[in-house]
Amino acid sequence: AMSFSANIEKLKPSATIKVSTLAKSLVAEGRDIVNLGAGEPDFDTPLFIADAAVNGVRSGQTRYTPPAGLPELRQAIADHLGARAGREINWKGVVVSAGVKQALFNTFFSLCGPGDEVLVAAPYWTTYPDLVMLARAEPVTVFGAESNSFKVVPSDLEGVVSEKTKGLVLNTPCNPTGAIYTLEELRELSVWAKGRGVWIVSDEIYRNIYFGAQGDTAPGILNLPEDDVGKFILVDGASKSYAMTGWRVGFSYSGVEIAQKFTALQSQITSNTATPSQVAALEAFRNVEAASSAIAEMGVAFRRRRDLVIALMDRLLPGVPYIQPEGAFYLYFRVDGLFEVDENDATTWCSRLLQEHGVALVPGAAFGDDRWVRLSFAASDALIEEAFTRIVVMVGTGAAV
C-alpha cells in the first residue's frame with residue numbers, strides 16, 4: 001500500500017469546497033440546483049478594480065514582486081488598517097499572501113509545532129483545525145453558550161487552557177454563525193490571552209459585511225487599547241469585502257519580526273501572490289472612495305437578504321433554532337429536530353436535501369457540530385426564496401411561501 005507522510009495523515013479535503021464542487025457537478029449534469037453552499041459574494045469584482053488589473057497586465061506589471069508583496073500594496077493595506085485603528089500602522093508588519101488560507105498557514109506553521117495546542121473558537125471555519133494539524137499541533141475546539149451565539153468568553157477558555165496552549169483563533173464576524181464579538185467581549189478575551197501568554201489569531205475577513213449601524217464595520221482587534229492586547233496576528237484580505245475571491249489576495253498584520261518569518265517561509269513556498277492580483281488589490285485598498293461606495297452598495301443587498309432569510313425562517317420554519325446573523329452572509333440553523341428516523345446527522349440530512357430537492361447547504365460537521373447547517377445568503381432574493389420553498393417541501397411544515 002501507498003504510504004504517506006504523517007504531515008498529511010489527518011488532513012481532510014475542505015468540506016465547504018466539497019459541497020460546492022458536488023453542487024457544481026450536479027449542475028453540469030443538468031440538475032436544477034440552488035447552491036447556497038458557497039462562501040463567496042455573488043457579485044462581480046467592481047469594474048474599477050478589474051480595470052486596474054487589466055491595465056497593469058497590459059503595461060507589463062507581470063513580473064515577480066518581493067515575496068511579501070509590492071511595497072506600495074503593503075503600505076496601502078497599512079493605511080487601510082491605520083484608518084481602522086486610528087493610529088499609525090507599520091507597513092513592514094503586513095505580509096500579502098495568496099488568500100487568507102496562506103496567511104493562516106504561515107501563522108500556524110511558524111508559531112506552532114508538535115506538542116503545542118491551539119484553542120479554536122467553535123463553530124469554526126472548516127479550515128482552522130486542519131491547518132493547525134498540518135503544523136503538527138493539536139486543535140482544541142471550544143464552544144461558547146448557544147444563548148450567546150456560541151461566542152466564547154474567558155471562563156470557557158479557562159476550562160481547556162493548558163501549558164501547551166500556544167494560540168486562540170477567533171473569527172469575527174463569524175463564519176458560519178454570523179455572530180460578532182463586541183469591543184468589550186474582544187477586550188476581555190485579549191486581556192485573558194495576554195495574561196496567559198497566548199497568541200490571538202484574529203480572522204476579520206468579513207469585517208465590512210456588518211449589519212450594525214449603517215456605514216460601520218464590525219469591531220476588531222485593532223480597535224482595542226494597545227495595553228490590553230498582547231501577541232496577535234490579524235488576518236484579512238480582499239476576497240469578501242471587494243468580491244475578489246478568485247483573485248486570491250489575503251494578508252497578515254503582525255509584529256515586524258514575525259512578519260519577517262512569514263516572508264521567509266512564503267519565499268520558499270509560493271513566493272509572491274500573483275502580480276496582477278496585487279495590482280487589483282492595490283486599487284481596491286488605495287481608491288478608498290470607489291471602494292467605500294462598492295462596499296456600501298453590496299452591503300445594502302446583504303442587509304436586505306439577511307432580513308429576508310430571517311423573515312423566511314420565522315414564517316416557514318417556526319421553532320427551528322438559528323443564530324441571529326449580525327455580520328457575514330450566513331444563516332446557521334439547527335436541523336436535528338427535522339431528521340428522519342434513520343438520520344443521525346446534518347450531513348445525511350443535507351445530502352437528502354441536495355439529492356432529492358436540489359438545494360446545497362453545508363452540514364455542521366464542517367464547523368464542529370453536525371446538528372446544524374450553514375446557508376449562504378450571498379445569492380439573489382429569488383434563489384433564497386426558492387431554496388426555502390424546497391426545504392419546506394422536504395420537511396413538510398405545510399406553510400406556503
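Which residues have the most contacts inside the largest nonpolar core? The views below get there by way of the sheet.

This is a predicted model, where local features need pLDDT of at least 70 and side-chain atom pairs count only at pLDDT 80 or more, while totals for chains, interfaces and linings use all residues. Residues are numbered from 1 along each chain as its sequence is written, and side-chain values use heavy atoms, with hydrogens and water left out.

**View 1. An open, mixed sheet of seven strands.** Reading across, the order is β2-β8-β7-β6-β5-β3-β4 (strands are DSSP runs of E, at least two residues; helices are runs of H or I, at least four; both are numbered from the N terminus). β2 (94–97) and β4 (138–143) sit at the edges, each pairing on one side only (pairing takes at least two DSSP bridges).

**View 2. β5 beside β6.** Residues 165–171 and 199–203 run parallel here, joined by five bridges. Look for Leu170 opposite Ser202 in β6.

**View 3. The largest nonpolar core.** Here's the answer: among its 72 residues, Phe108, Trp349, Leu361 and Phe388 have the most contacts inside it. A core is a set of buried Ala, Val, Leu, Ile, Met, Phe, Trp, Tyr and Cys residues joined through side-chain atoms within 4.5 Å; buried means under 20% relative accessible area (1.4 Å probe, protein chains only).

**View 4. Around Phe108.** Leaving out residues up to four places away in sequence, Phe108 touches Val118, Tyr128, Leu131, Val132, Ala135, Val169 and Val201 (contact means heavy atoms within 4.5 Å).

Definitions and conventions: Buried < 20%, exposed > 50% of the residue type's maximum accessible area, 1.4 Å probe, protein only.
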